[in-house]
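Let's take a walk through this model together, starting with the whole and then moving to its parts. Keep the sequence and the 3D view open as you read.

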Amino acid sequence: LGALRWHFLLQSLEDLQKNLCQLGSCLLVIQGEYERVLRDHIQKWNITQVTLDAEMEPFYKEMEANIRRLGEELGFEVLSLVGHSLYDTKRILDLNGGTPPLTYKRFLHILSLLGDPEVPVRNLTAEDFQRCRPPDPGLAECYRVPLPVDLEIPLESLSPWRGGETEGLQRLEQHLTDQGWVTSFTKPRTIPNSLLPSTTGLSPYFSTGCLSVRTFFYRLSNIYAQAKHHSLPPVSLQGQLLWREFFYTVASATPNFTKMAGNPICLQINWYEDAERLHKWKTAQTGFPWIDAIMTQLRQEGWIHHLARHAVACFLTRGDLWISWEEGMKVFEELLLDADYSINAGNWMWLSASAFFHQYTRIFCPVRFGKRTDPEGQYIRKYLPVLKNFPSKYIYEPWTASE
Amino acid sequence: MKRGRKTNDANSSSSEETTEKESKRHKVLDKQTIAVQSPDWANLLQDIILQVFQYLPLLDRAHASQVCRSWNQVFHMPDLWRCFEFELNQPATSYLRATHPELIKQIIKRHSNHLQYVSFKVDSSKESAEAACDILSQLVNCSLKTLGLISTARPSFMDLPKSHFISALTVVFVNSKSLSSLKIDDTPVDDPSLKVLVANNSDTLKLLKMSSCPHVSPAGILCVADQCHGLRELALNYHLLSDELLLALSSEKHVRLEHLRIDVVSENPGQTQFHTIQKSSWDAFIKHSPKVNLVMYFFLYEEEFDPFFRYEIPVTHLYFGRSVSKDVLGRVGMTCPRLVELVVCANGLRPLDEELIRIAERCKYLSAVGLGECEVSCSAFVEFVKMCGGRLSQLSIMEEVLIPDQKYSLEQIHWEVSKHLGRVWFPDMMPTW
């Protein structure tokens, strides 16, 4: 995890702590290896129940299985509930004959058979905690949320994104207000502004669990229901959520999902090993201003627009450098605030044409694609100050300019 | 097993004293007794083992061959060595496994005369290409029917000294004498080696794929067309195409061509001058082979399309790998009546409404369309689909291609298009990352 991701996480935990305190409870953060922590604290604190979100990543699936075993051994109940995804992915697999749908269309068809996801649970109130004994004040200090200095990362995050449910909910409200375009039914064309850090972007809040995907789903459904025309399924509005669900489902049922070797859905391609070029891509030194501006924003802020992700992912793999998507995935894992096991690997495989095949593969041109999105090059000027005064005509291809 | 044998011996010694009938009965009984005891894997008929082995991947077969002598014999039977794919990757730079060098040695030693259908998958390193040539040079007792040289990454055969490659390839050409299918794209094959190919295999050659072979000249490929009258599939670059070639492929002695693929490639804008082909040559070509698939891949810069689509051309599958202008697409509509599949990677940003509608009107066989970075208004797109109707079995349109207008929004268009196609249709969506 990069420093920006840590900051986001810590901010999220602080926010959770603050909100719980307002309800008369509090958050205790215990650091250490999970089995050790449980063994130490079960008896000490008389713990009778451990709850966790149902997990899909292999590491966490194993963790859940281990915790269940510990539960039998040490005598506590283990409760796991579907929280990360809209649906219980096992049901999606069952309806598709035990295997995950590998095309989005097929996936949508299966979802239509499932009907709507479960409604989100109601909010917590102070009454919910009245029967709980508050923990000793001393404990709160001992098990506080770690500070940046504890993790040896820089004190401040320079990213405009702040973690936490409070911030997430504010953005959610703003996002829904902005959905005014829904009623006029025109899809927003990608405008240069949308490449800039979004004030209504929600992806890091979903991936860290600050916001519930089901809450968002139902809020969007309500808006849609109020709009005048009903001819289209709300696929396009809830697209972000459904793509996420798609990748979660595939990942949950595919071994070695984050690797090429041993991954049954991934094409085995003879990528080049080129540490130097990979480094140049990672550090925004490819010489293509469009690519370098995107990689600069990624490093500085931890978020880039999804079209920007397409551009740099294609560039690294199928488009220009022919380097393995696994390398790109690792860089995104480090730098992206919303990096997610399933979505990251899934998209990298998609963009490198390693899986999820269309009939025709699309390659994004590192010059032309940027020009279409932002003809005046404002985005490049912002993130590559060295090109601030470069004429728009050449800013995407500086090598074509005369001396 | 031993027990079984002992019983046999015991019986055969006593059978001398009994009648023939009785001894037969004893023998039948023995077989039954043996069958009731544990089945003898080693005595399994070799034909059966061979059948089973044919289902196993090589590694599993190799393991099985270590079990006993009989199974080992089956492992080396010619039928299991007719097809082989040599995978040559350098471990230092490749993600993929390579065929074990020991196995390669064994094959050359014991099975080279069994090999008939061979391919080489080679990574981007020169060593792998050299290793492939090394093996080829040793296939002296081989009578190959198919040979494929496949570059899985950057073409490394081109890094070899030309003579080295040619001499290795010639070994196969001379020894095989019944080559039917040859794939040598991205290799330094040249005119003289094609002559050798023709001298030895003219009666049997049916398929020849040699895209991106820069050392071959139009005369070289013409020699192949002139002599190999059974040639049914050919793939080459545009610079090798000539009027003479098309006429040679259409001569009375020549079979009907089934598949002709032409790659029109330009590395740097303005660098290559593309010659023109006479309309009469295409006419003769199509008259001789009316059902041929003519596949053309264009990797040109927008300003280089001048010589093309000026008159009717019998192309069936058309792929524009780079950006192509509205003007050229307009000409395509006018000149390609046999068009079956059209893929456009990108276009300047003006809507292709008229051009698409013209294509729907005039290309009555069009059944597959793919549009990448283009723009089409929703109304025009619906009109296009309406005109083509259900014959469009493949319609891959990126979501961003469709521009909503007064008549249709994006949400409505999927419904309209589905109606006209007679099946549920959505544009291609890239994931929202």
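**Charge pairs, domains and interfaces**

Over all chains, a search of the whole structure finds 27 salt bridges. Please keep in mind throughout that this is a predicted model. As background, side chains of opposite charge can pair when their charged atoms come close. One salt bridge to look up joins the side chains of A:R68 and A:E64, at 3.3 Å from N to O. Both A:R68 and A:E64 sit in helix α3 of chain A, which runs over residues 58-74. They are 4 residues apart there, about one turn of the helix.

For residues 1-86 of chain A, UniProt lists "domain: Photolyase/cryptochrome alpha/beta", in an unreviewed entry.

In chain A it gives domain 1, made of 85-120 + 170-253, and domain 2, covering 275-400. How do these two domains of chain A meet? Contact involves 20 residues of domain 1 of chain A and 24 residues of domain 2 of chain A. Between them, the two domains bury about 1,800 Å², with 72% of it on carbon and sulfur atoms. Across this interface of domain 1 and domain 2 of chain A, the rule finds 0 salt bridges, while it does find 3 residue pairs in polar contact, both residues at pLDDT 80 or more.

Two elements give two or more residues to it: α9 (203-207) and α11 (239-252) of chain A. The largest share, 7 residues, comes from α11(A). By class, this side of domain 1 of chain A has 13 nonpolar, 5 polar and 2 charged residues.

Let's turn to chain B. Its domain assignment gives domain 1 at 46-80 and domain 2 at 315-432. The centres of these two domains of chain B, taken over C-alpha atoms, are separated by 52 Å. UniProt, again in an unreviewed entry, has the annotation "domain: F-box" on residues 44-84 of chain B. That span of chain B is 59% helix and 5% strand, and its end C-alpha atoms lie 26 Å apart.

Finally, bring the two chains together. Contact between them takes in 41 residues of chain B and 43 residues of chain A. As a general point, the size of an interface is often given as the accessible area lost when the parts come together. Here chain B and chain A bury about 4,000 Å² between them, 60% of it on carbon and sulfur atoms. Which residues of chain B lose the most area to chain A? They are B:Y95, B:E373 and B:W433, together accounting for 27% of what that side buries.

Across the interface of chain B and chain A, the rule finds 0 salt bridges, but 5 residue pairs are in polar contact, both residues at pLDDT 80 or more. On the chain B side, the elements giving two or more residues are β10 (341-346), β11 (368-373), β13 (394-397), β14 (402-403) and α16 (410-421) of chain B. This side of chain B is made up of 19 nonpolar, 13 polar and 9 charged residues.

Notes. Residues numbered from 1 in each chain as written. Chains lettered and ligands numbered in written order. Predicted model: local features only at pLDDT ≥ 70, side-chain atom pairs only at ≥ 80, totals over all residues. Heavy atoms only, no water. Domains from an automatic or database assignment. Contact = heavy atoms within 4.5 Å. Buried area = accessible area lost by both parts, 1.4 Å probe. Salt bridge = Lys/Arg side-chain N within 4 Å of Asp/Glu carboxyl O. Polar contact = N/O pair within 3.5 Å; in protein donor to acceptor, adjacent residues only side chain to side chain. Nonpolar A, V, L, I, M, F, W, Y, C, P; charged D, E, K, R; others polar. UniProt positions renumbered as here; feature names shortened; annotations may be inferred.
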